[in-house]
Amino acid sequence: MSSTELNLILLGPPGAGKGTQAERLREDFPLAYVATGDMLREARREGSELGGKAQEFMARGDLVPDEIVIGIVLERLSADDARDGFLLDGFPRTVPQADALAEEMGKLGRRITAVLLVEVPDEEIVKRISGRRVSKAGRTYHVEYDPPKRAGRCDVDGTQLVQREDDSPEVVQARLKKYHEATSPLIDYYEVLGLLRRFDGSRSPTEVHDHIRATIATLRLEDQL
Ligand code: AP5
């Protein structure tokens, strides 16, 4: 791996602000962005077989089976634009997914630079998700914390903002439960490997972003020592 290669994972509960931070980090670093939720929603919009399979799991707040998700992520990571670094958002979400990623990295002689854990209490998550609105292209807003300039319209392309179908209160509770059961064990998994970096996601998006950027700068310096 070259000393400048950044292979980052964004970890955290639903609605923690992973997508919000990813949008900013992509402006800072030229990384291939791999967001499994976006890929699965895109597959659904296209009406592909994969989209059809994922739909029932996503609609009830369940995780899409490992064998489906692992396949699409490993294929995406082998694309040319992911060779010099990537930002994973929403993957891995289970220990088998993390094991599959580690095995693939080992085969390619690459390694994960850091796992960025964005921590937010459950009560705050519910407020964030209930106020989230998204544009057709997937740009994210919040009616209170990050409102668009014109109510209900995307600042960039003017399309109508809508609520994601899995953002209903019942489905959010199911997603949070799943996070605590299946995904939170990855915190220890990556801590033991010395890869975990924690961020207080209850701060403002700019504060969280500044903290992540400073951490990445330090990691790069350490890599060059
Ligand atoms: P996915 O799309 O990955 O959803 P998620 O992890 O639940 O995360 P979200 O997109 O809901 O939230 P986020 O952390 O990105 O927060 P955001 O920045 O939008 O996955 C959806 C589904 O796909 C899963 O449930 C599963 O079914 C399936 N899936 C995906 N990956 C899978 C995998 N690996 N394995 C199996 N299944 C998989 O912010 C939320 C809101 O808060 C926004 O309105 C934003 O404006 C606001 N906000 C953000 N930051 C702040 C802040 N600091 N202060 C105040 N407000 C803020």
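**View 1. Tyr190 is a buried residue of this predicted model, at 3% relative accessible area.** Buried is used here for residues under 20% relative accessible area, exposed for those over 50%, and partly exposed for those in between (1.4 Å probe, protein chains only). Since this is a predicted model, local features need pLDDT of at least 70 and side-chain atom pairs count only at pLDDT 80 or more, while totals for chains, interfaces and linings use all residues. Residues are numbered from 1 along each chain as its sequence is written, and side-chain values use heavy atoms, with hydrogens and water left out. Which aromatic pair turns up in a search of the whole structure? The search finds one aromatic pair. The partners are Tyr189 and Tyr190, whose ring centres are 4.9 Å apart and whose planes meet at 70°, so the pair is edge-to-face. For rings of Phe, Tyr and Trp (its six-membered ring), pairing requires centres within 6.5 Å; planes under 30 degrees apart are stacked, over 60 edge-to-face, and the rest tilted.

**View 2. Helix α5 packs against helix α8.** Here we look at α5 (residues 95–108) and α8 (residues 185–192), whose axes lie 10 Å apart at an angle of about 30°. The axes are lines fitted to C-alpha atoms over the stretch in contact, and angles run from 0 to 180 degrees between N-to-C directions. Helices (H or I, at least four residues) and strands (E, at least two) are DSSP runs, numbered from the N terminus. On the α5 side you will find Val95, Ala98, Asp99, Leu101 and Ala102, which meet Pro185, Leu186, Tyr189 and Tyr190 of α8. By class, this contact has eight nonpolar residues, no polar ones and one charged residue. In this count Ala, Val, Leu, Ile, Met, Phe, Trp, Tyr, Cys and Pro are nonpolar, Asp, Glu, Lys and Arg are charged, and the others, Gly among them, are polar.

**View 3. Leu101 and Tyr190 are among the residues that touch the most other members of the largest nonpolar core.** A nonpolar core is a set of buried Ala, Val, Leu, Ile, Met, Phe, Trp, Tyr and Cys residues joined through side-chain atoms within 4.5 Å. This core has 33 residues, and Val64, Leu88, Ile112 and Val115 are also among those touching the most other members. At least two residues each come from β1, β2 (32–35), α3 (49–59), α4 (66–77), β3 (85–89), α5, β4 and α8. Helix α4 gives the most, with seven residues. Another core lies apart from this one and has 24 residues, among them Leu6, Ala16, Ala35 and Val120. Back at Leu101, the contacts (heavy atoms within 4.5 Å) beyond four places in sequence are Ile9, Leu77, Leu88, Phe91, Pro92, Ile112 and Tyr190.

**View 4. A cis peptide bond joins Phe91 to Pro92.** Most residues other than glycine have a negative phi, and most peptide bonds are trans. Omega of the bond from Phe91 to Pro92 is near -5°, and Pro92 sits in the loop between β3 and α5. Gln97 belongs to helix α5 and, at 3% relative accessibility, counts as buried. Not counting residues up to four places away in sequence, Gln97 touches Phe91 and Pro92, along with Asp66, Val69 and Ile70.

View 5. Arg132 and Asp167 meet at 2.9 Å, N to O. How far apart are the closest N and O atoms of Glu5 and Arg110? They are 2.8 Å apart. Glu5 lies in the segment before β1 (6–11) and Arg110 in the loop between α5 and β4 (114–119), 105 residues apart. Glu5 is buried at 7% relative accessible area, and Arg110 is buried too, at 12%.

**View 6. Glu191 and Arg198 form a salt bridge between partly exposed residues.** Their closest N and O atoms are 3.2 Å apart. Relative accessibility is 40% for Glu191 and 39% for Arg198.

How values were computed:
A salt bridge is a side-chain nitrogen of Lys or Arg within 4 Å of a carboxyl oxygen of Asp or Glu.
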